[in-house]
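Thanks for coming. I will go through one structure this morning, starting with a sheet and ending with the whole chain.

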Amino acid sequence: GNEMKKLLVSLLTLVMLTESLSACTAAKVYSYGVGTVIEVSASDYVPATDTVAAKDGKYGVNVDIVSVVLDSKGKVVSCTWDIAQASNLKFNNVGVHTTDLAAYVLKTKLEKGADYGMKGASAIGKEWFEQSAVLTNYIVGMTAEEVAAIAINDAGEATSADILAGTTIGIDSFKAAFAKAVANAVETKKVAKYGVATMFAVSGSDFVPAAGEVAAKDGKYGVNVDVVKVTLDKDGKILNVVWDIAQTSNLKFNDAGIHTTDLAAYVLKTKAEKGDAYGMKGASAIGKEWFEQAAFLETYVIGKTLAEVKAIELNDAGEATNADIKAGASIGIETFIATLEKAIEAAVEVK
């Protein structure tokens, strides 16, 4: 009977040891999401008066990008908030775009850092990136419902004294983008690093007068913001990636300096959110919609390292030359690769 006792004890020890080991090595289950909210504003040309100089008309685009990591109970583990802002896209009263796009600073509010220049005007003496960090730290440990319940006034500012001590900027668009990030969150296992990045481009054209049979064409601005979220394993291989583009095209103005795009009817959705309504399918050589091509690419890069993704050959139009990729994604992918590289370089360790 003694041998049997010893065997039972050693078996029991083995079971306990296995349990304690698995408790240590069991990776936490997290979900990762990103959400974007687009806002577009406009004003018209204002002629000079005796005392005031003339003012060009302008468009402005704000794209809020919120990324979130949630634990298995739906609580916030970490969060980031950034805004890709293309303000002061000016046009004059003869239909010429007057913002120098070659000198335009294509950085997000976080990327601008201290150069954003909010500190001096801030009631609490904090720069935008500092206020963003206070808010995203404040919500760690909260559920999505608790974040949604954060009270705001008509100006979109928090009413809570705790938040206002560190974040006096409007947070209504943050809350909207956060809710989307939660809704888009995907459970991903064995994540070592997690990153999100954006890249944006601004284009502009002038009013073109009518010529014979050809009708006049309004001038216009366009803003493209690529957003990429990525999770990586311990070997730097891609586990999950999401690519979307917040595109505000056709921000039109006429030769009298009046904005002619109806912003009340303007569709504030990303390319992926537009889905079939984006309308690429008919014009596509492979008969696929933008979101389908993006999804194909997102799947194609799973298991690859950044070096392998960067090795994908592109032609002058930014399209892949590889037949396997072309079969599923004939769209230009150079901004995807560039933004993915940025996301991987900015990736933080997941504890």
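This is a predicted model: local features need pLDDT of at least 70, side-chain atom pairs count only at pLDDT 80 or more; totals for chains, interfaces and linings use all residues.

One term before we start: two strands pair if DSSP finds at least two bridges between them. With that in hand, look at Val202, whose bridge partner in β6 is Val223.

In general, strands of a sheet pair through backbone hydrogen bonds, either parallel or antiparallel. Here the sheet is an open one of 4 strands, in the order β7-β6-β5-β8, and the pairing is antiparallel. The edges are β7 and β8, the latter being residues 348-349. Each edge strand has a single partner, so one of its sides has no neighbour in the sheet.

Next, a helix. α11 covers residues 334-345, which is 12 residues. At 1.5 Å a residue the helix should span 16 Å, and its end C-alpha atoms are 17 Å apart, so the two values agree. Which residues of α11 are buried? They are Phe336, Ile337, Thr339, Leu340, Glu341, Ala343 and Ile344. What covers them?

Now a residue in another helix. Asp162 sits in α5, which runs from residue 161 to residue 164. Is Asp162 buried or exposed? Its relative accessibility is 58%, and exposed means over 50%, so Asp162 counts as exposed. Along the chain, Asp162 and Glu292 are 130 residues apart, and their C-alpha atoms are separated by 44 Å.

Last, the protein as a whole. How many helices and strands does the protein have? There are 11 helices and 8 strands. The protein has 351 residues, and 38% of them are buried. Taken along the principal axes, the C-alpha atoms fill a box of roughly 105 × 55 × 30 Å. Of the contacts with a separation of 6 or more, 65% are between residues 24 or more positions apart.

The accessible surface comes to about 18,200 Å², and carbon and sulfur atoms account for 56% of that. On charge, there are 34 positive and 44 negative side chains. The centres of those two sets lie 7 Å apart.

That is the end of my part.

Conventions. Residues are numbered from 1 along each chain as its sequence is written. Side-chain values use heavy atoms; hydrogens and water are left out. Helices (H or I, at least four residues) and strands (E, at least two) are DSSP runs, numbered from the N terminus. Buried means under 20% relative accessible area, exposed over 50%, partly exposed in between (1.4 Å probe, protein chains only). The expected span of a helix is 1.5 Å times one less than its number of residues. Contact means heavy atoms within 4.5 Å. Accessible areas come from the Shrake-Rupley method with a 1.4 Å probe; for residues, only the protein chains shown count as cover. Lys and Arg count as positive and Asp and Glu as negative; His and the chain ends are not counted. The place of a charge is taken as NZ of Lys, CZ of Arg, CG of Asp or CD of Glu.
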